[in-house]
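Thanks for coming, everyone. Please have a look at the sequence and the structure first, and then I will walk you through what can be said about them.

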Amino acid sequence: MKNTIYIYLVILISTLSSCTDVIDVEVPTADARLVIEASLDWEKGTSGQTQTIKLSTTTPYFDTDEANSVTGAEVTVTRDKDGAVYVFEDQLNGEYTTDAFGAILEESYTLKVIYNNETYTATETLLPTTSITSVTQSRDGGFSQDALELNVYFNDPADETNFYILRYHEVGDLYPTLSSVSDEFLNGNEIHLFFEKDDDDDGDEFEPGDIVDINLYNVSETYYNYMDILISQSGSSGNPFSPAPVELKGNCINITDADNYPYGYFRVTQTDSETYTFIEDEDE
């Protein structure tokens, strides 16, 4: 009987093995495009002089080991009102940095990138950001019952239209979580947003001792719309009713060859930051 069972197992394994086929997935390819990550953030309480811009190129989907950092480009940012030019030095790793950026609220700035004899530009205004007034924790405002969540409060200025991006980065995580909100129905009021780990975290929840860095940005409407689409697409993989992903273009344009457009965005904004450490509940 034991020999019979063994023979059946050998036949079953052999049958399953013989049915295994290698499938070659045909993935469309396209010419590499420049990717511009130019977020100049002036954190409250600092001079804002140290800034970094990152340049890379797109790569084929399965070529994860292909180097795509861009070196040898010329990168400058000009303050339009007085013509002050800030040169970003090539660090030979895809990063371009300056320690002399002059941040002035409500001033317009223009990015200029020259790469492979083509010129890319974008213009944004450095917007002031309201301050975070309070950060608390609770267990009764999120989607998961009794799970710890983070509450962020700030006051929206009255009689003006504002668009906000919240960035949450748990210490130890590789990537941050972003959320967007406008004051369309909240103008002049206190805004309360909560952050809770979602179902994609395999049931993982915040625990006492976890640390989260929080950044609040007041951004332009065009950047808000750009990020709103990006956030929606990046978090919709498990939603069968979500809209189909679209090619997302930022505000950077190629003035040499419009058809060779880049990806990415040039943003200039003030930011307010807080760090919160979860604690034991008083009733625990």
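**Confidence, fold and cores**

The protein averages a pLDDT of 85, and 78% of the residues score at least 70; pLDDT is the predictor's confidence in each residue, from 0 to 100. This is a predicted model, in which local features need pLDDT of at least 70 and side-chain atom pairs count only at pLDDT 80 or more, while totals for chains, interfaces and linings use all residues. Residues are numbered from 1 along each chain as its sequence is written, and side-chain values use heavy atoms, with hydrogens and water left out.

Over residues 1-16 the pLDDT is below 50, and beyond near neighbours in sequence this stretch has zero contacts in the model, a contact being heavy atoms within 4.5 Å. Where pLDDT is low, the predicted coordinates should not be read in detail.

As for the fold, the protein has two helices and 15 strands, which are DSSP runs (H or I, at least four residues, for helices; E, at least two, for strands), numbered from the N terminus.

Which residues have the most contacts inside the largest nonpolar core? They are L55, L111, V113 and F266, in a core of 26 residues. Such a core is a set of buried Ala, Val, Leu, Ile, Met, Phe, Trp, Tyr and Cys residues joined through side-chain atoms within 4.5 Å, where buried means under 20% relative accessible area (1.4 Å probe, protein chains only). β1 gives the most to this core, with five residues. Apart from it lies another core, of 19 residues, including L148 and F206.

Overall, buried residues make up 37% of the 284 residues in the protein.

Definitions and conventions:
Buried means under 20% relative accessible area, exposed over 50%, partly exposed in between (1.4 Å probe, protein chains only).
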